[in-house]
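Student: Hey, I've just opened this one and I'm new to it. Can we walk through it together?

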Amino acid sequence: MSAVLQPASVEELAAAVRSAPRVIATGAGSKPRLSMVCADAVRVSTSRLSGITEYEPSEFTFTALAGTPVREIRAALGERGQYLPFDPVLADAGSTLAGAVAAGINGPGRWRYGGLRDFILGVRLVDGEGRLLRFGGKVVKNAAGFDVPKLLVGSAGRLGVIAEMTFKVFPRPLAWRSLRLPAVDEIAKGRLLAELGRGRWELDAVESVVGDPVVFVRLGAPEAAIDALAKEIMDRFGGEILGEKEAAAWWFDAAEFRWTHPAGAWAKFPLTPSDGPAFATWVATHPGARARIGAAGNVGYVSWPVMEAAAECPWRGVLLRGNGPLWPGPRRLTAVAAAVKAALDPVGRFPGLED
Amino acid sequence: MTRPEPSPALRRLAAVVPAGRILDGPAQLAAYESDALTAFQTRPLAIVVPETQEEVVALVRFCHAEGLPFVARGSGTSLSGGSLPVAGGIVIALNRLNRIRRIDLDQRIAVVEPGVVNSAVTAAVQAHGLHYAPDPSSQLICTIGGNVAFNAGGAHCLKYGMTSNHVLGLKAVLATGEVVEFGGASREQAGPDWTGLFVGNEGLFGVALEITLQLLPRAECFHTVLAGYATLEQAGDAVAAIVASGLLPGAIEIMEKLALEAATAAVHAEYPPGCEAVLIVELEGPREVVAADRARLDALLAASRPVEVRPARDAAERLAIWKGRKSAFSAVGRLSPDFIVQDGVVPRRRLGEALRLINGWSREMGVRCANVFHAGDGNLHPLILYDGREPGALLRAEELAGRILRMCVEMGGSITGEHGVGVEKRDYLPAMFAAEEIACLKRIRSAFDPKGIANPGKMFPEKGAPALVHAGLHPLEKAGVISRE
């Protein structure tokens with residue numbers, strides 16, 4: 001592995017990008033496949049580019065540098081009764097905010113109000129020529145210019161290096177309840193997920209373990225309302241309320257991906273609830289593979305016991321850890337994607353979109 | 001009147017689409033000269049009215065081959081001149097591509113063509129307890145294609161976001177003729193968010209052919225309150241208190257006195273007497289949640305020194321509150337022959353300061369200004385009144401509009417919250433972005449449209465302004481069919 005640069009300011013970050021012909025940004029390394037690129041790329045770490053630069057609770061916005069740990073942001077928001085509703089993942093593993101954007105993965109809470117893409121408002125990024133550019137805005141509503149901040153979500157450092165981001169936040173619900181609902185098989189589970197999605201309860205999270213005949217549901221609401229909602233759901237679907245400790249442990253495991261094989265490959269696949277049974281069948285063909293379904297059937301995560309990801313994937317996804325293509329599954333190559341890559345990175349300083 | 005010979009480009013165009021799709025009579029061209037920003041007018045070469053996606057693809061490929069500019073258009077309700085035609089170019093009117101291709105109730109999505117009217121999406125699914133959340137005031141006639149191009153907002157953006165937060169995927173023909181599919185039926189994605197980049201492109205990338213929309217369960221219960229205040233500052237303080245309390249209302253709106261008078265005259269809305277400002281707050285969600293939140297909201301409002309608080313007691317009263325709010329803009333049209341709507345955003349905590357500045361300038365310049373705004377997200381909609389027949393009046397109104405836009409940027413906000421830059425605000429883009437940022441946006445545009453044929457003249461500053469004329473209300477606005485918000 002080649003040198004690691006550790007810029008301590010956004011200007012130094014831009015200079016670091018300009019300093020080498022091949023560059024890849026790295027955060028805490030919790031999604032290692034994203035930065036597993038050609039050996040001659042200089043690694044630019046965001047570890048010294050950390051901290052919340054602006055936080056206005058009354059505006060529902062904050063701005064933070066790229067390497068700010070998600071954990072730190074969660075604590076600062078929590079002090080003011082606010083949160084990022086999409087539950088940025090791997091907080092305990094030290095993951096950074098820019099890493100979350102580059103990976104484009106969300107935690108269980110993304111079900112209620114949307115994912116990271118729905119809360120990012122603005123970015124400062126360093127393009128392939130080393131220019132520091134600002135797009136989007138710092139207010140909750142802005143329609144000026146193209147939505148480059150959204151484009152960067154899931155871009156894995158291939159289009160630019162994120163220096164700073166502005167996010168929208170919401171007030172945190174005052175009370176939480178978690179339920180375990182029965183679902184005899186993956187087909188019944190699919191029906192249950194659809195019904196939960198159409199219901200009146202405004203659920204916060206809906207997740208399940210592939211192969212387990214249960215669905216986990218989280219509610220976030222005022223204390224005075226929450227038990228009536230939980231009771232109605234259980235009256236309709238059966239199930240039970242989880243104890244506080246058990247609930248905390250389950251959601252921690254989900255958001256930290258502790259259930260994955262620590263030394264095995266791990267990938268994300270966008271799905272629809274109707275894909276559930278086929279996804280479960282596919283996972284079962286890989287001995288030792290573990291999988292979870294999140295966002296009421298809209299995403300599947302798989303972890304294999306070995307570092308080699310499955311060679312053939314029926315869905316297009318992103319490999320977060322392990323060996324194999326960054327984007328497993330059917331390709332959807334467009335001429336315009338290459339053209340936009342060239343617009344932001346004309347000299348190919350960052351890895352290609354398909355590397 | 002004899003019609004001139006069709007131009008060679010027009011003759012070749014006739015071979016691209018079936019007969020009867022091209023409109024080029026003087027009366028037909030005149031009907032498309034403007035959108036809802038009637039101060040700008042440009043006569044296009046022709047209007048083409050395709051009926052299928054294949055025809056749209058063929059048209060765009062023809063335009064690419066010929067280097068012929070095109071403007072895709074839905075119902076023409078843009079408030080920023082976003083669908084203003086290009087002289088010598090064609091307008092692709094997408095109104096006949098108005099099929100809802102698929103509704104999936106389990107996945108809660110609708111796949112629609114660009115000419116589908118915003119409110120038609122909700123109409124198609126409301127029997128199943130679902131709705132399409134973005135609700136621009138023109139939702140009875142504006143189209144999803146236009147909503148996507150300009151990332152339309154509405155009164156419920158604080159909680160639900162804009163159009164881009166509800167578009168899961170789309171199929172589009174780019175200005176190069178390439179047909180692409182971004183995103184899909186899932187709420188999750190892998191790879192760069194191309195869908196997110198496309199929404200809000202202001203027609204500069206190409207034409208969306210099919211759009212996958214997320215549908216939400218309709219809120220079970222609403223609690224809508226109208227509170228009148230003796231001063232605007234008190235209304236502003238009430239907003240701050242609500243936001244600080246941890247409540248997340250679906251909508252928080254403020255109307256100032258001049259707008260209240262207009263709504264009273266136009267739709268017989270009734271407001272508490274002696275108020276300088278009225279605040280509208282709407283809670284929504286499961287009935288138990290609304291009941292719990294309502295107790296907190298009522299206490300906050302009672303402590304905010306209102307002249308009067310009027311909760312809507314039933315659905316009819318709720319609709320009456322919203323009717324007054326949503327009619328405010330066209331109602332203001334009765335107070336003045338002409339007006340300009342602005343759309344800037346300021347940080348919420350600086351709303352009071354922003355309004356004091358606007359009102360000060362308004363007095364100083366002798367230009368009347370009625371303020372209506374989405375207080376929850378700091379999105380101002382000052383209506384600047386003028387009489388275009390009076391010499392210099394339009395210029396004074398534009399001067400005030402310019403001051404307001406610069407103020408929004410200086411306060412750390414934006415020149416546009418939901419109307420887009422379009423033609424109207426393109427000269428203000430450099431107030432928000434540095435030269436090299438605009439250069440980068442232009443390079444992205446060129447990646448989608450190397451020849452610069454898709455809706456040229458919008459978003460980016462250009463030499464030579466389109467004709468600015470005094471025009472009065474849009475005919476549909478006079479008829480009360482559309483309104484500006």
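Predicted model: local features only at pLDDT ≥ 70, side-chain atom pairs only at ≥ 80, totals over all residues.

Student: Which residues of helix α4 of chain B are buried?
Tutor: In α4 (residues 118-125) of chain B, they are B:Asn118, B:Val121, B:Thr122 and B:Val125. Buried means under 20% relative accessible area, with a 1.4 Å probe and protein chains only; helices are DSSP runs of H or I, at least four residues, and strands are E runs of at least two, numbered from the N terminus.

Student: Why are they on the same side of α4(B)?
Tutor: Because they cover an arc of only 90° around the axis, taking directions from the helix axis to the C-beta atoms.

Student: And what covers them?
Tutor: The cover includes β5 (100-104), β6 (109-112), β7 (130-131), α5 (144-150) and β10 (206-214) of chain B.

Student: New topic: how many residues of chain B are in contact with chain A?
Tutor: 85 of chain B, with 74 of chain A; contact means heavy atoms within 4.5 Å.

Student: How many salt bridges between them?
Tutor: 12, each a side-chain nitrogen of Lys or Arg within 4 Å of a carboxyl oxygen of Asp or Glu. One joins A:Glu56 and B:Arg349, with the closest N and O atoms 3.9 Å apart.

Student: Which element of chain B gives the most to that side?
Tutor: α16(B), with 9 residues.

How values were computed. Residues numbered from 1 in each chain as written. Chains lettered and ligands numbered in written order. Heavy atoms only, no water. Buried < 20%, exposed > 50% of the residue type's maximum accessible area, 1.4 Å probe, protein only.
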